[in-house]
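Dear colleague,

I am passing a structure on to you with this message, and my notes follow below it. Please read them with the structure open beside you.

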Amino acid sequence: QIRVSEKLSISRSLSPQKRDPSLLCLLRSRSRSTRLRSSGIRTSYMDQAELSTKQVLQREIPWETYMVTKLISATDLQLLRHYDKKPENTRAQLLDEDGPAYVQLFVTILRDIFKEETVEYVLALVYEMLSANPTRARLFHDQSLAHEDTYEPFLRLLLKGNWFIQEKSCKILGWIISYRPKAGVIANGEASDSKKHITTIDDVLNGLVEWLCAQFRQPFHPTRGAPADGVKLLVPLISPAYTQQSIQLLYETCLCIWLMSYYEPAIEYLATSRTMQRLTEVVKSSTKEKVVRVVILTFRNLLPKGTFVVQMVDLRLPHIIHSLKTQAWSDEDLLDALNQLEEGLKDKIWKLSSFDKYKQEVLLGHLEWNPMHKEANFWRENVSSFEENDFQILRVLLTILDTSSDPRSLAVACYDLSQFIQYHAAGRVIVTDLKAKERVMRLMGHENAEVTKNALLCIQRLLLGAKYASFLQV
């Protein structure tokens with residue numbers, strides 16, 4: 001959560017005349033839940049927050065009563081009797097055979113029944129269904145459901161339910177959006193002739209971003225914060241925007257990222273995703289001051305944390321800041337933030353060690369032939385640093401060999417392993433113990449000549465040892 005001093009900083013960073021309506025809206029939307037918690041309702045809400053899916057699914061729901069009151073049909077009841085409380089393999093077979101019918105059933109119940117225990121139960125069923133096999137989210141986009149508004153119940157519950165309901169709705173929406181059909185395919189009510197408003201993907205994204213912003217600003221749950229499934233949806237939304245509607249969504253997304261920069265559990269995700277690259281592209285192309293401001297404020301917050309400075313240098317952020325400062329901005333807060341970021345970067349770059357830069361490049365998984373890979377001084381001075389965290393960097397290099405499809409990254413990783421063998425006294429033993437030989441051997445038959453050449457060099461140094469390895473040069 002944001003500390004008091006940080007809240008004051010946030011308040012000052014947006015002067016009264018420049019505070020954005022969307023942020024004020026978020027603050028107002030949180031005030032009601034704050035008053036509820038302070039008036040004694042907090043205890044019951046927190047009891048609900050601690051519910052687990054397993055506990056909820058142990059309930060007995062009176063489905064027959066719902067049929068008698070015509071909240072569900074006789075067909076719905078039959079589907080529920082076949083599915084509810086049945087073994088996982090039975091439910092999986094039912095979903096394979098008649099998945100869209102069960103999706104329609106769950107959506108109908110969540111749309112028409114408002115009893116909290118039942119809503120929680122159906123959300124738990126859907127969550128269990130998707131967590132066992134996330135690709136089942138495609139069922140929500142089946143052509144037979146083209147007249148159904150499958151997003152609406154989850155979006156409504158995301159904004160109005162208790163914590164269990166909100167968290168499960170967020171995760172479910174995350175899955176459904178992740179498996180939405182490509183452009184041009186009719187889905188989620190788009191084929192409906194009804195004049196009633198149909199929930200669109202833009203409605204869902206706006207709702208999710210607003211909810212995530214609220215969780216980072218003032219978490220509804222005292223310890224958990226925003227679900228990672230929802231956070232992961234933000235990064236793809238960070239891209240240059242040109243229409244008014246898309247600019248507003250971009251701004252709210254960047255605002256959410258800015259709030260995340262105050263939230264320690266989110267820092268690692270921001271560092272290991274492509275967040276920095278996407279924010280940089282936005283700030284290079286955007287002419288909207290509020291978008292540029294919130295991105296620069298995010299950079300300023302992240303600069304002293306972790307290895308963000310390395311990413312900023314690699315993304316040529318100092319050059320971009322210099323270019324931004326030449327533009328005629330009217331926002332004094334933005335100009336102050338640009339000056340602070342520029343000075344902070346100068347100081348950090350001066351202190352930045354070459355191994356920090358190398359480490360960040362490896363952890364990002366995208367290797368290039370930067371000078372440090374072939375500089376003898378770099379390896380002599382830093383080879384002992386490879387021992388940190390149980391040879392973490394070597395292990396990541398091996399992971400790159402296993403998983404990367406980029407020939408350049410594979411070639412550089414092979415070369416770096418050969419350099420470690422050459423410059424570390426126990427290099428051969430360490431690399432052998434990490435089972436690198438088999439991985440590198442597989443790459444000797446790679447279709448890319450650069451990969452095969454460096455894989456061969458690595459194997460030669462591994463077999464010959466340090467005494468003769470120095471004679472082998474690329």
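Is Met444 buried, partly exposed or exposed? Met444 is partly exposed, because its relative accessible area is 33%, and this class lies between buried, under 20% relative accessible area, and exposed, over 50%, with a 1.4 Å probe and protein chains only.

Before going further, please note that this is a predicted model, in which local features need pLDDT of at least 70 and side-chain atom pairs count only at pLDDT 80 or more, while totals for chains, interfaces and linings use all residues. Residues are numbered from 1 along each chain as its sequence is written, and side-chain values use heavy atoms, with hydrogens and water left out.

The protein has 27 helices and 0 strands, taken as DSSP runs numbered from the N terminus (helices H or I, at least four residues; strands E, at least two). Of its 474 residues, 51% are buried.

Met444 sits in the loop between helix H25 (436-443) and helix H26 (449-464). Together with Met441 and Leu456, Met444 forms a nonpolar surface patch with about 240 Å² of accessible area; such patches join nonpolar side chains (Val, Leu, Ile, Met, Phe, Trp, Tyr) within 5 Å, from residues with over 30% relative accessible area and no salt bridge (a side-chain nitrogen of Lys or Arg within 4 Å of a carboxyl oxygen of Asp or Glu), and areas come from the Shrake-Rupley method with a 1.4 Å probe.

Lys348, in helix H19 (residues 332-351), is also partly exposed, at 29% relative accessibility. Leaving aside neighbours within four places in sequence, Lys348 is in contact (heavy atoms within 4.5 Å) with Leu303, Pro304 and Val309.

With regards

Definitions and conventions: Patches are made of residues with over 30% relative accessible area and no salt bridge: like charges are joined within 9 Å, nonpolar side chains (Val, Leu, Ile, Met, Phe, Trp, Tyr) within 5 Å.
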